[in-house]
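I opened this structure to take some first notes.

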Amino acid sequence: MKTPIAVLARGDLKHVVRDSTLVLALFGPLAITLLLWFLPAIEMLIQSRLSFDTAPYRLFIVSFLSLIPGMLFAMIYGFIILDERDEAVIDFISITPLRKEGYLTYKLIMPMLLSAGFFLLIIYATALIQLNPIHAIGIASMVALEAAIGTLFLVAFSENKVEGLAFSKVMGIMYLAIPMVFFWNSEWHWLSAFLPPFWIAKAFIHSQTGSIWIWGDLFFGTAVHLAVLLYFLRTFLRRQ
Amino acid sequence: MIQVNDLHFAYGSNTQDTLRGLNFHINDGEIFGFLGPSGAGKSTTQKILIGILKNFRGSVSVNGLDLQKLNSEFYESIGVAFETPNLYTKFTALENLEFFAQFYTGMTRNPMELLAAVGLEEAARTRVSDYSKGMKVRLNFCRSLLNNPRLIFLDEPTAGLDPVNLRKMESLILEEKARGNTICITTHDMHVADTLCDRVAFIVDGEISLIDAPRKLKLQHGQRFLELEYRDGDKLETISIPMDNLGSNKTFQNILNNYFIETIHSREASLEDVFVKTTGRSLQ
Amino acid sequence: MRLLAAMGQDIRFQFRHGFYYAYAVLTILYIIVLRLLPDTMVYPALTLILFSDICALGFFFIGAIVLLERGQNLTESLFVTPLRLREYLLAKILSFLFLATLSALLIMLGASIGGQDLMWFVFGAVFSALIYTLFGLIFAARARHVNDYFVKSLGAGLLISLPILAYIRLFDTPLFYIFPTRATLILLDVLGTDYALSEKLFSVASLLIWFLILGSWVYQRFNKYVRHPA
């Protein structure tokens, strides 16, 4: 007896082998990891060429780039779902024992695991910043939730792949919350607190200053992520 | 209208030919049907005739024009309905037709009248994404008629239609023939081929095994017998009687005069029988 | 006439799929960002925004639209009308150039940026979008899935964008002058930086040559894989 998840995973694997898309897609996050690996060298190069000190921006660069894999995986899985919806695969799966819920769970867990994994890889393999393991796990779970949010955003509001594309463009705006937290020296930056990455940026900053507020960031951040996730999930399920 | 000699075609890098030496002609003003199971080469043949597939061997001329030297002028006077209805789903039926109509330099038909003819006038302003399969097939048919084509290609024109709309579609196709247009149909539906086509070509494995008028084929391959069912008391009896000299057949007269007749049929072959007999294949 | 009809349809298609809304949101956002930036950073930021986001998007959008049309077999029915392949491709390209140029000009106006080199700048914006669009179409002619297309075109897109390294003065090599993007980066930058006339003329010539090369490449690929697939 094969479990439905195993069947789906094998289906995805076939997808990968046939199109080599997901394999190629892994290059994006790997390239980012490599880029960060060489960041100290690049910083030196910039320092000598442009006499511009990037050290103060290192935390910003790390927090921004470590979220990019999540966005990429959200897009990849979002478009796989849109593809399968266009080809009525979802209708077919919803009458198998896996049901639509099982299908969706699987399609959300994959980008979540991948993005959280890459996040931890980036943080610990590059060792650019020191991060307490408990804080790291807290942030990683927000990163994972965010990948699910991105995936759902694409599929909940768009009718087909082309519309998904327009939405993926809008999705990028969410990440503007990070520069807002880092560079907008005004209480107005709290305006972006409804954007999930806002809380990740906050947590990054507080994790480095040793502030007790990190726990607030992790708590409220997870709550915001869950709230957005549930809202998108409901929209998606109602749409099908 | 169409003259095809020794047509061969192979897809991409396939070493085996999909079409293996087709010879046929289609006359002006007739409905010509390609009949065969899926994968036999019907759609491939049609795609060659409309200039989509190019690298074929043999000679094909449409309207006296050598297809190897075709230009976009050619498309002013043909109409095509593909098997899978391909339409802009975020646009209404009317918008779709109006859009495609703009490409033709000649007079185009009124989209609203076309939609009314297939019973879609109520849904003219509905987006195609909300259409059922059968509605899309009908809209697809409308599109193929937009430019008043002299030559019309219909790929499985009745797929997914309910009986009422099937009837309607058949009469519309016959109407086009009455206007003097030539129609080329591919189908695996015997009934469609039988009722619509002036001549049919049986096509199996990329080869045409036979071309003739459906009626002639049915008579040729049938038996000249009459089959009667009649009631004899409580029993239902069946009897076959030769059709020759029927008027003076004693048994026949006896039954006519003394029994209650339930059915009478002549035993000509069905088109399907002929197909199975000559190609050794079923149509599914 | 056929070209106009096809282009009108493409613009309406993009509108119905929300592209104009997405661009409106982005345009407004970029105007706000540019207005908040200190004066010294406005021009480089404008160049980078137009180069990376507004123009390079053609890569994604036009290619994905073609993919969707191919997936729904729409190209099939378009090519049994008198519409020519050349017209089909031009309609796709022009409809997107319209959107990209509109957005670029609005960003410029909204951020109150201008200058006497405006003509060069507009040429740069249009051709930047054009070159990326053509690259996208090259991949769209054959890709089977949107993801497949994204990954491949993104790889190629990053590759041809390498001259950005020279623009931010990290790494330069004369080889970059072969890239069409080196030329677009010069023309998009004319408002804030002085370039010699020869450099500007070189850029225009380079872009025209690239347009001819890529244009005929796209035409051939579409003729082979989309117009006459076999």
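My entries follow, and they concern a predicted model.

**Entry 1: chain C against chain A**

I began with the contact between these two chains. I found 28 residues from chain C and 26 residues from chain A in it. I then looked up the area buried between chain C and chain A, which is about 2400 Å². Carbon and sulfur atoms give 72% of that area.

Which residues of chain C lose the most area to chain A? I noted C:His145, C:Asn147 and C:Leu170. Together they account for 25% of what the chain C side buries.

Next I checked which helices take part. In chain C, α1 (2-16), α2 (19-36), α4 (57-71) and α8 (146-160) each supply at least two residues of the side that touches chain A. I sorted that side by class and got 18 nonpolar, four polar and six charged residues.

How many salt bridges does the rule find across this interface? I got zero. For polar contact, I counted one residue pair between chain C and chain A, with both residues at pLDDT 80 or more.

**Entry 2: A:Ala201**

I moved to a single residue. A:Ala201 lies in helix α11 (residues 196-209) of chain A. Is A:Ala201 buried or exposed? Its relative accessible area is 1%, so I put it down as buried, the cut-off being under 20%.

I looked up its contacts, leaving out residues up to four places away in sequence. A:Ala201 touches A:Ile178, A:Val181 and A:Phe182. I also took one distance: A:Ala201 and A:Ile139 are 62 residues apart in sequence and 9.5 Å apart in space, C-alpha to C-alpha.

**Entry 3: aromatic rings**

I counted 43 aromatic pairs over all chains. I picked two of them.

A:Phe219 is exposed at 56% relative accessible area. A:Phe220 is partly exposed at 46%.

Last, I noted a cluster linked by ring pairs. B:Tyr88, B:Phe91, B:Phe99, B:Phe100, B:Phe103 and C:Phe13 belong to it.

Notes:
Residues numbered from 1 in each chain as written. Chains lettered and ligands numbered in written order. Predicted model: local features only at pLDDT ≥ 70, side-chain atom pairs only at ≥ 80, totals over all residues. Heavy atoms only, no water. Contact = heavy atoms within 4.5 Å. Buried area = accessible area lost by both parts, 1.4 Å probe. Salt bridge = Lys/Arg side-chain N within 4 Å of Asp/Glu carboxyl O. Polar contact = N/O pair within 3.5 Å; in protein donor to acceptor, adjacent residues only side chain to side chain. Helix = DSSP H or I, 4+ residues; strand = E, 2+ residues; numbered from the N terminus. Nonpolar A, V, L, I, M, F, W, Y, C, P; charged D, E, K, R; others polar. Buried < 20%, exposed > 50% of the residue type's maximum accessible area, 1.4 Å probe, protein only. Phe/Tyr/Trp six-rings, centres within 6.5 Å; stacked < 30°, edge-to-face > 60°.
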